[in-house]
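Hello,

Here is the structure we talked about handing over. Have a look at it first, and then read on for the notes.

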Amino acid sequence: MPIFIIILVLVAIFIIPCIKIVPQAKSYVVERIGSYYQTWGNGLHFLIPFIDRVAGAVTLKEIVKDFAPQPVITKDNVTMQIDTVVYFQITDAKLYTYGVENPISAIENLTATTLRNLIGELELDQTLTSRDIINTKMRAILDEATDPWGIKVNRVEVKNIIPPRDIQEAMEKQMRAERERREKILQAEGEKKSSVLIAEGEKESAILRAEANKQSKIKMAEGEAEALLKLKQAEAEGIKLLKEAKADKSVIALKSLDALGKVADGKATKIIIPSDLQNIASLGVTLSESLKKDKTEQDK
């Protein structure tokens with residue numbers, strides 16, 4: 001019985017630790033007698049006691065490292081603080097384990113030196129407006145440099161660019177001046193558009209007034225022409241009726257006298273008397289006597 005217990009204890013001490021279960025998204029680097037043996041993926045694996053050992057457990061997930069701000073100097077000798085974020089993934093567990101000592105520190109130092117080299121070729125304004133270019137160049141350089149370490153650099157982002165305080169104040173003043181300039185330009189453009197619209201409105205109003213005056217005069221002229229036409233038509237109709245009634249000279253003479261009376265109705269300063277006024281007067285007396293004679297006969 002004690003021997004059985006001893007065997008169980010030995011199994012627990014030596015055999016159980018040799019049973020390895022590799023989880024998903026991880027890899028184990030195994031050494032045999034001090035040399036690289038193989039890389040285990042996820043699943044159940046066994047180690048030979050005293051011969052095999054796990055040299056490293058490597059995660060295959062994407063790793064995000066936010067590195068501290070680094071002092072860099074631009075081409076125009078402006079010192080600023082820039083911090084970066086690196087997204088990388090281990091693609092080869094063996095190279096990652098044996099490629100470099102402390103890979104994370106190596107990536108951080110490589111990022112800092114690469115950033116200084118790139119910023120040193122740019123001026124301050126270019127640095128502030130060229131983040132995409134800086135990110136692209138840094139990713140390409142870091143990815144190539146870390147390839148022997150079994151690392152794939154997916155993205156590099158410049159997180160913050162912090163210029164000196166005096167530069168920040170100058171930039172703020174410049175931005176305020178630029179905003180004020182744009183505001184004045186917009187205000188001037190607005191006043192210009194307003195003046196143009198007012199002028200166009202006055203122009204259209206004047207055109208409409210002239211058009212209305214024109215139409216009014218045309219209507220008045222048409223009305224006068226129509227009235228004159230009506231008058232002439234009435235006169236023509238009267239003459240036509242006289243002709244149809246076969247009016248003699250006596251009637252025509254009376255019409256002439258009537259027209260003469262209207263002309264002299266207190267408004268004319270001069271009256272033109274026709275040369276045959278005497279004949280007209282005698283004609284009027286004759287007509288008067290005829291009317292009296294007809295009245296006498298009617299009374300009888």
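This is a predicted model: local features need pLDDT of at least 70, side-chain atom pairs count only at pLDDT 80 or more; totals for chains, interfaces and linings use all residues.

Residues are numbered from 1 along each chain as its sequence is written, and side-chain values use heavy atoms, with hydrogens and water left out.

Salt bridges

Searching the whole structure gives 8 salt bridges, a salt bridge being a side-chain nitrogen of Lys or Arg within 4 Å of a carboxyl oxygen of Asp or Glu. One of them joins Arg 53 to Glu 31, with 3.1 Å between the closest N and O atoms. This pair ties together distant parts of the chain, since Arg 53 sits in strand S5 (residues 52-59) and Glu 31 in strand S2 (residues 26-32), 22 residues apart. Helices (H or I, at least four residues) and strands (E, at least two) are DSSP runs, numbered from the N terminus. Glu 31 is buried, at 8% relative accessible area, whereas Arg 53 is partly exposed at 47%. Here buried means under 20% relative accessible area, exposed over 50%, and partly exposed in between (1.4 Å probe, protein chains only).

Another salt bridge brings together the side chains of Asp 143 and Arg 139, at 3.9 Å from N to O. Both belong to helix H5 (residues 131-146), and because they are 4 residues apart there, about one helical turn separates them. Asp 143 counts as buried at 16% relative accessibility, while Arg 139 is partly exposed at 28%. Lys 152 joins in as well: Arg 139, Asp 143 and Lys 152 are linked in a network of salt bridges.

Arg 155 and Glu 157 also meet through their side chains, with 2.8 Å from N to O. Arg 155 is partly exposed at 44% relative accessibility, and Glu 157 is partly exposed at 26%.

Thr 114

Thr 114 lies in helix H3 and is buried, at 6% relative accessibility. Setting aside neighbours within four places in sequence, Thr 114 is in contact (heavy atoms within 4.5 Å) with Met 138, Ile 141 and Leu 142.

Cavity and pocket

The whole structure has 1 cavity of 30 Å³ or more, and the largest cavity holds about 50 Å³ of space. Its lining includes Phe 67, Ile 82 and Glu 108. Strand S8 (79-90) and helix H3 (103-119) are the elements that give two or more residues to that lining, and H3 supplies the largest share, 4 residues.

The largest pocket contains about 150 Å³ of space. Among the residues lining the largest pocket are Leu 124, Asp 125, Ile 167 and Met 175. Helix H4 (124-129) and helix H6 (165-245) each give two or more residues, with H6 giving the most, 5 residues. Volumes are the space filled by probe spheres set on the grid points, which are joined across faces, edges and corners.

Best wishes

Terms used: On a 1 Å grid over the protein atoms alone, a cavity is a set of points where a 1.4 Å probe fits but cannot get out, and a pocket is an open set with protein on both sides within 12 Å along at least five of seven lines; lining residues have an atom within 4 Å of a point.
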